[in-house]
Amino acid sequence: MVSQIRFLMCAPDHYDVDYVINPWMEGNIHKSSRDRAVEQWNKLYNVIKNHAIVDLVAPEKGWPDMVFSANAGLVLGENVVLSRFLHKERQGEEPYFQQWFENNGFNVYTLPKDLPFEGAGDALLDREGRWLWAGYGFRSELDSHPYLAKWLDIEVISLRLMDERFYHLDTCFCPLANGYLLYYPGAFDSYSNRVIEMRVAPEKRIAIEEADAVNFACNAVNVDSIVIMNKASENLKSRLSEVGFQVIETPLTEFLKAGGAAKCLTLRVTEPIGDEIHAIASVESRVIRMEGHLLDAGLINRALDLIVEMGGSFQVLKFNLGEQRQSTSAAEVRVSAPSHEVMEEIISQLIDLGAVDLPQDERDTRLEPVIQAGVAPDDFYVSTIYPTEIRVNGEWLKVQNQRMDGAIAISTTANGIVAKCKLLRDLEIGDKVVVDVFGIRTVRKAESREQRNSQEFSFMSSGVSSERRVELVVEQVAWELRKIKDSGGKVVVTAGPVVIHTGGGEHLCRLVREGYVQGLLGGNAIAVHDMEQNLLGTSLGVDMKRGVAVRGGHRHHLKVINTIRRFGSIAKAVEAGVVKSGVMYECVKNNIPFSLAGSIRDDGPLPDTQMNLILAQQEYSKIIEGADMILMLSSMLHSIGVGNMTPAGVKMVCVDINPAVVTKLSDRGSIESVGVVTDVGLFLSLLTQQLDKLTSPYVANVG
C-alpha cells in the first residue's frame with residue numbers, strides 16, 4: 001500500500017562534483033560517473049515510489065547539486081521556509097525551488113539575505129510533530145531558528161554540529177516513526193547530546209557507530225515502518241528490526257562523493273502538524289559592546305572565536321576602527337546561543353575580555369539571598385582576576401577583594417552598600433549574591449601597541465618562555481624588581497624546596513636581605529630544607545657542596561624539625577643563635593612576613609607550619625595584599641593557590657622546570673604574567689648577577 005506521504009526529488013541530469021564545499025568532495029572533482037549516478041538515483045526513486053508519492057522539480061543546467069532537493073527549503077503544512085545557501089555555488093538554486101513551491105500553492109517565507117539556512121538538510125521534524133530539530137555550526141546559522149519557530153509556529157530545538165564530515169543535520173540525525181531516533185552522537189557537542197537525551201527516551205534512541213555514520217546510515221528516508229538508506233551494518237539492521245523497522249538498502253555511492261545520500265536526495269513535503277504545538281524558540285540573543293585596541297591586542301578575534309567555540313553564533317553590527325595607531329576601536333556584536341544556560345556561559349567569558357552587555361546599562365545586577373551559610377544561590381556569578389564592577393540601584397559599584405573563583409556578595413554597612421568577592425565558605429546568611437550575568441562588567445586596561453611595547457614588562461605578553469629566553473626574562477625581571485624596590489612597592493615570593501635543592505637558597509637570601517622581597521609563601525618543606533642546609537650542610541640528606549648523599553642524611557630534616565620544635569618557632573631559634581643563616585633566618589632578621597601552609601605529607605611539622613588549610617589560605621591572602629609582583633619559584637600547588645588569590649594587575653613570574661606548571665600559571669589570561677621553563681637555581685643566580693650590574697657604580701654612572 002502506497003502511503004500518502006509525498007516527497008520532492010530532482011533528477012540528476014546535470015549532477016557532477018564540480019567544486020569542493022564539504023570534505024566528501026575533496027579528491028572527487030569530476031570523478032563521479034554520470035551513468036552510475038542516474039542508475040542509483042532511479043533505483044532510489046522507484047523504491048520510494050513503491051511506498052510513497054514522489055513529485056519532481058525540473059533540474060537546471062549549471063546547478064549540479066540541485067539533485068539534493070532536501071536543501072530546497074523546510075516544509076510544514078502549507079508553509080515553506082526557503083533555503084538561503086551559504087556557498088555561492090548553490091545560491092542559484094533558490095529561485096527555481098521558490099518557483100516550484102509557489103506553483104504548488106505553498107506560502108513561501110524568505111530569510112534575510114545574509115542569514116544562511118539550508119532547509120531540511122539542517123531542520124528535521126520529529127515524526128510525531130512535537131518539535132523541530134534544527135542544526136547549526138557549518139551551513140545554517142543559529143539566528144535562523146527563531147524565524148523557523150515564528151513562521152512555522154513550532155518549538156525549535158537547536159543542535160550544534162561539531163564534525164565537518166557531518167556538515168548538515170540530516171547526515172548524522174534521522175527522526176523515525178513512533179518517536180524513535182537514529183543518530184550519531186559523535187557529530188554533536190556535549191550540550192546538544194544532553195538535549196537529545198533529555199528529549200528522547202533511552203529505549204527510543206538508536207545511537208550508531210562511526211562505521212555506519214560514514215556510510216550515511218543516518219541520511220535515510222523514513223516512510224512509516226520502512227527505512228531506506230545507502231548501507232547499514234548487520235548490527236544496525238538487526239537493532240532497527242527489533243523495534244519494528246524494515247531496512248531497504250539501495251547503493252548511492254556516486255552521491256556520497258558529493259556528501260549526500262538518500263535523505264539528501266529527497267524533500268518530504270507532507271509533515272505531521274500537532275494542533276497543540278506552538279512556537280517556542282529557546283535561542284537567546286544579546287548585544288555586547290567592546291572597546292579598546294581590539295585588533296592589535298587580538299581581543300575581537302578572541303571574543304568571536306570564544307562565541308563559536310562555546311556553541312553560539314555572532315553578527316557584527318558595528319565596528320568603528322581607530323583611525324590612528326594610538327586610537328581605540330569599538331564594536332557591537334549580537335551574540336546568539338541555543339539556550340539561556342549556554343548564553344550565560346558565553347557572556348561570563350566575554351565579560352572577562354572586557355565586553356559589556358548593552359542591555360545591562362538599563363538593568364541592575366540580579367541578586368539572590370544566601371539562605372544557608374557557606375552555600376551560594378544557584379547560577380551565582382563566579383568572579384575572575386579582573387577588576388569588576390556591578391550595577392546596584394542604577395549605580396556602578398566596584399567589587400572589593402578581587403580574586404578568581406569566588407562569589408560576589410553585597411551587604412549594607414554604615415558607609416553604604418559594599419560589594420566583595422567571597423569564597424563560598426565565607427558566605428553568610430543575609431548576604432546577597434550576584435547571580436546570572438546582568439549588570440556586570442570588568443575593567444580592562446586599553447593599552448595601545450606603543451604603550452605595551454614601551455613597558456619594561458612588555459615581554460610578559462609572550463606567555464611561556466623556554467630556556468633560550470632566560471637571559472632576556474632575567475634582565476626584565478631585574479629591572480622590575482629594582483623599580484618596585486625604589487618606589488617602595490611590594491614583592492612576594494612563593495617558593496618550594498627545589499629552590500634549596502638546586503642551590504638557589506643563597507640567592508634568595510640576598511633578595512630578602514637587600515630589600516627585594518616583602519613576603520614569603522611556601523610550605524613546610526622550603527623552611528625545613530633551608531634550615532637543614534644551613535645547620536647540617538645537606539638538603540634532603542644530600543651534601544650541597546659535594547652533591548652526594550651522606551650517611552644518615554635521610555634523618556637530617558627530622559633532626560632540624562625536632563630542634564625548631566624544641567625552641568617553639570623559627571623566630572625563637574634564630575633569636576637563640578641556633579639558626580644563623582638561610583632564607584628563614586633572613587626573613588626573621590629583616591622582619592619579612594612568611595606563611596607556611598601544611599599538607600598531609602609534612603613531617604613534624606614545624607611549629608610555624610599552619611596545618612589548618614582555611615587559616616593558611618587567609619594568611620596567604622593577607623600577605624599578598626598590595627603586592628606589585630609575585631615570583632613563583634618551583635612550587636606547583638602553592639603557586640596555583642596564590643595565582644587564584646591574586647587579582648589582575650599584579651605582575652607574575654612563574655619559574656619551574658616542569659612546563660605544565662608554568663603553562664597553567666601563565667594561562668590565567670593576564671598580560672602581566674609570564675612563565676619561564678628553566679632550573680630555578682640557575683634563574684636566581686642569573687637574577688642576582690643582573691641586579692649586581694644594575695646597582696654597580698659603573699652602571700649607575702653610564703650616560
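Me: How are H15 and H16 oriented to each other, parallel or perpendicular?
Reply: In this predicted model, helix H15 (residues 524–536) and helix H16 (residues 556–567) pack at an angle of about 100°, and H15 and H16 are therefore roughly perpendicular to each other, since angles of 65 to 115 degrees count that way.

Me: And how far apart are their axes?
Reply: The axes of H15 and H16 lie 9 Å apart. Angle and distance are quoted together because two packed helices are described by the angle between their axes and the distance between the axes.

Me: Which residues make the contact between H15 and H16?
Reply: On the H15 side the contact is made by Asn524, Val528, His529, Met531, Glu532, Leu535 and Leu536, while H16 contributes His556, His557, Val560, Ile561 and Ile564. Sorted by class, the contact of H15 with H16 has seven nonpolar residues, four polar ones and one charged one.

Me: New topic: where does Val493 sit, and is Val493 buried or exposed?
Reply: Val493 belongs to strand S29, which covers residues 491–495. Its relative accessibility is 0%, and because buried means under 20%, Val493 counts as buried.

Me: What is Val493 in contact with, apart from its neighbours within four places in sequence?
Reply: Leaving those neighbours aside, Val493 is in contact with Leu508, Val517, Gly519, Leu520, Leu521, Leu631 and Leu633. Taking Leu508 from that list, Val493 and Leu508 are 15 residues apart in sequence, and their C-alpha atoms are 9.2 Å apart in space.

Me: What about Ser673, buried or exposed?
Reply: Ser673, which is found in strand S37 (residues 673–677), has a relative accessibility of 2% and therefore counts as buried.

Me: Can we do sheets now? What is the strand order in the open sheet of four strands?
Reply: The order is S18-S19-S17-S20, and the pairing is antiparallel. Strand S18 (313–320) and strand S20 (356–357) are the edge strands, each of them pairing on one side only. Within this sheet, S18 and strand S19 (residues 329–337) pair over seven bridges, and Phe319 stands opposite Ala331 in S19.

Me: Which helices go with that sheet?
Reply: Helix H9 (residues 299–309) lies across strand S17 (284–292), S18 and S19, and runs at about 160° to S18. Helix H10 (residues 340–352) also packs on the sheet, where it touches S17 and S19, and its direction makes about 5° with that of S17.

Me: Last one: what is the average pLDDT, and where is pLDDT below 50?
Reply: The protein averages a pLDDT of 89, and 92% of the residues score at least 70. Over residues 448–462, however, the pLDDT is below 50, although this stretch has 37 contacts in the model beyond near neighbours in sequence. The pLDDT also stays under 50 over residues 698–703, for which the model has two contacts beyond four places in sequence. Where pLDDT is low, the predicted coordinates should not be read in detail.

Methods
Residues numbered from 1 in each chain as written. Predicted model: local features only at pLDDT ≥ 70, side-chain atom pairs only at ≥ 80, totals over all residues. Heavy atoms only, no water. Helix = DSSP H or I, 4+ residues; strand = E, 2+ residues; numbered from the N terminus. Buried < 20%, exposed > 50% of the residue type's maximum accessible area, 1.4 Å probe, protein only. Contact = heavy atoms within 4.5 Å. Axes fitted to C-alpha atoms, helices over the stretch in contact; angles between N-to-C directions. Parallel < 35°, antiparallel > 145°, perpendicular 65-115°, else oblique. Nonpolar A, V, L, I, M, F, W, Y, C, P; charged D, E, K, R; others polar. pLDDT = per-residue confidence, 0-100. Pairing = 2+ DSSP bridges.
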